[in-house]
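Here are a few exercises to work through with the model open beside you. Try each one before reading its solution.

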Amino acid sequence: MSDAHLTERSLDGGREPVELTEEPIQLSTRDSGGDPDERSGGWSRRRKIGWTVALVVGLAGAGVLGVGGWRIAQQKDTQLTSPEQVAGLSRDDSERAKSTADYLRSGLAADIELDRSFGTVYRDPADDKRSVLIFGGTTLLWQPERDLDSLFRLMSDETGAVSGLREVPAGDLGGVMKCGNTSGEGGDFAVCGWADHGSVVMAMFPGRSVNDAGGLLRNLRADMQSRN
């Protein structure tokens, strides 16, 4: 069987041969041009809007973190002292007062892990029935209000429910301060506390209204708390 002159054989069915060119064959009917803005060498409008929104949200988040970080750095290194005289009150160094203050301090330390804790009774020279019991401590607190609320719950367990709890002005030292009413053997009395990123403190005010107790606690805090 001769294979000479193969090019002279007729094609199957007599169909015209496929003409091959140098142009690439397009295998898809999808438009490969993309977004008109992208074809022109720039970002698409949709992409620009998306990146702009992401940038704004990111900057807002960074701003919140920046403010929060600055506040923590400002408040975390706190010191608390118990002066002999403070806000018109005198420290009661009697054994009974020390025992009461130590009991309150221990209860607080068992509920909140503190670096340093204290408990003190301050006597009102004008009326011994209006002595102030104050206790608390220092540590780094990430959520001061949460820890203060935890302390109020501890107080409720010890003395009975704290009613009418509300936020009051914390003063120049910042943080959060709250006051309410509770009852004990001597009758109803005000209870207030403050917390910031470096300290948490609670005080009991027999014979005083919530408004008077809040103002007195701000004065006590101003003389007892300092920051490095």
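A disulfide here is a pair of cysteine sulfur atoms within 2.5 Å. This is a predicted model, where local features need pLDDT of at least 70, side-chain atom pairs count only at pLDDT 80 or more, and totals for chains, interfaces and linings use all residues. Residues are numbered from 1 along each chain as its sequence is written, and side-chain values use heavy atoms, with hydrogens and water left out.

**Exercise 1.** Find the disulfide and work out its handedness.

*Solution.* Start with the sulfur atoms: those of C179 and C192 sit 2.0 Å apart, so they meet the cut-off and form a disulfide. Strands are DSSP runs of E, at least two residues, and helices are runs of H or I, at least four, numbered from the N terminus. Now turn to the torsion about the S-S bond: it is about 115 degrees, so the disulfide is right-handed.

**Exercise 2.** Is C179 buried or exposed?

*Solution.* Buried means under 20% relative accessible area, exposed over 50%, and partly exposed in between (1.4 Å probe, protein chains only). C179 has 0% relative accessibility, so it counts as buried. C192 is at 0% too and also counts as buried.

**Exercise 3.** Describe the surroundings of R208.

*Solution.* First, locate R208: look in the loop between strand 9 (199-206) and helix 5 (210-224). Then check accessibility: at 13%, R208 is buried. Finally, list contacts (heavy atoms within 4.5 Å): leaving out residues up to four places away in sequence, R208 touches L89, D124, R130, V132, A190 and L216.
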